[in-house]
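My entries follow in the order in which I made them.

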Amino acid sequence: MEPKKSKYDTNPLDPDFVKNTEEVWSESDSGPETREVSGATREIGSSANENARSNIYSEAPTRRYDNPPLDSAYPSVFVPPTYSPPTPYQPPPAPYQSRKQRPTARSVAGIGIPEKWAMILPYAPAYIGVVVALIELFLVPRKETRVRFHAAQGLALHIAILVVQTLFGVVGAITNSSFGGNLFGAAATVFLIISMIRVWKGEPHHIAPISEPAQWFNQHIEPRNKS
């Protein structure tokens, strides 16, 4: 007696695979056969609110930007409308040196000499510039900003020249040669004269290597006349 086959007892290599499969499925399934659908499918009933179906973003409809105005910024979710890029840092210009301004003949408070002489005398060669710079820093009030600036810068320049000349003197004593010291002294004198000419013409004259000591002298030397 041949055992009864189930719907899983099929061999795909059997030439009668299709026929046997149909027989097994027809014996095991008691439901009605699947009918082929013919004709057009019917349309699903429409919803009462077709606008909600057609536009899922009904609360915030999409805006078109086919021709946006050129003078308006494009709105973005990442950049707030009021945002503006920070201004890049720019170092302030050197004090009193931003533009050409020739010194005048007005009398400077505290010392009573014309401004043009008060501004160039701190650069005078030898010890004249040192003495004048100290007098101006002790007597000229702080409202005379240009005069005090050149007095402090002239004092710092003379001190720097004196230090370098001292070093050349020590080296000259060791090597028994004063050529380097004499050459530096001549160059320093020429530079001081050029500084006087530039200040007289009102040209910007800011010596960067000595700016810090010059600022220190101007801040820490208090004038007697504070008005």
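**Pocket lining**

I looked up which element gives the most to the lining of the second largest pocket, and it is helix 5, with 5 residues. The model is a predicted one: I took local features only at pLDDT of at least 70 and side-chain atom pairs only at pLDDT 80 or more, while totals for chains, interfaces and linings use all residues. Residues are numbered from 1 along each chain as its sequence is written, and side-chain values use heavy atoms, with hydrogens and water left out.

Helix 5 and helix 6 (179–201) each supply at least two residues of this lining. The volume of the second largest pocket is about 230 Å³. It is lined by 13 residues, and those closest to its centre are Ala126, His158, Ile161, Leu162 and Gln165. For the record, a pocket is an open set of points on a 1 Å grid over the protein atoms alone where a 1.4 Å probe fits, with protein on both sides within 12 Å along at least five of seven lines; lining residues have an atom within 4 Å of a point. Grid points are joined across faces, edges and corners, and the volume is the space filled by probe spheres set on the points.

**Overall make-up**

I noted 7 helices and 0 strands in the protein. Helices are DSSP runs of H or I with at least four residues, strands are runs of E with at least two, and both are numbered from the N terminus. Of the 227 residues, 22% count as buried; I use buried for under 20% relative accessible area, exposed for over 50%, and partly exposed for what lies in between (1.4 Å probe, protein chains only). Among contacts (heavy atoms within 4.5 Å) between residues at least 6 apart in sequence, 68% join residues at least 24 apart.

**Helix 4**

I checked the length of helix 4 (residues 128–139). At 1.5 Å a residue its 12 residues should span 16 Å, and its end C-alpha atoms are 17 Å apart, which agrees. The expected span is 1.5 Å times one less than the number of residues.

Which residues of helix 4 are buried? I found Gly129, Val132, Ala133, Glu136 and Leu137. They cover an arc of only 130 degrees around the axis, which puts them on the same side of helix 4. The arc is taken from the directions from the helix axis to the C-beta atoms. An α-helix has 3.6 residues a turn, so residues three or four places apart point the same way. The cover over these buried residues includes helix 3 (115–120), helix 5 (145–175) and helix 7 (211–220).

I then took Leu137 alone. Leu137 is buried, at 0% relative accessible area. Setting aside neighbours within four places in sequence, I list its contacts as Arg148, Ala151, Ala152, Leu155, Phe217, Ile221, Glu222 and Pro223. Leu137 and Pro223 are 86 residues apart in sequence, yet 6.1 Å apart in space, C-alpha to C-alpha.

**Salt bridges**

I counted 5 salt bridges, each a side-chain nitrogen of Lys or Arg within 4 Å of a carboxyl oxygen of Asp or Glu.

Glu144 and Arg106 meet in a salt bridge at 2.5 Å, N to O. Glu144 sits in the loop between helix 4 and helix 5, and Arg106 in the loop between helix 2 (50–54) and helix 3, 38 residues apart. Glu144 is buried at 8% relative accessible area, whereas Arg106 is partly exposed at 38%.

Glu115 and Arg146 pair with their closest N and O atoms 3.1 Å apart. Glu115 lies in helix 3 and Arg146 in helix 5, so the pair ties together parts 31 residues apart in sequence. Glu115 is buried at 4%, and Arg146 is buried at 13%.

Glu222 and Arg142 form a salt bridge at 3.3 Å, N to O. Glu222 is in the segment after helix 7 and Arg142 in the loop between helix 4 and helix 5, 80 residues apart. Glu222 is partly exposed at 43%, and Arg142 is partly exposed at 32%. Salt bridges that share partners join Arg106, Glu115, Glu144 and Arg146 into one network.

**Arg224**

My last entry is on Arg224, in the segment after helix 7. Is Arg224 buried or exposed? Arg224 is exposed, with a relative accessible area of 73%. Beyond its neighbours within four places in sequence, Arg224 is in contact with Phe138 and Leu139. Arg224 and Gly110 are 114 residues apart in sequence and 8.5 Å apart in space, C-alpha to C-alpha.
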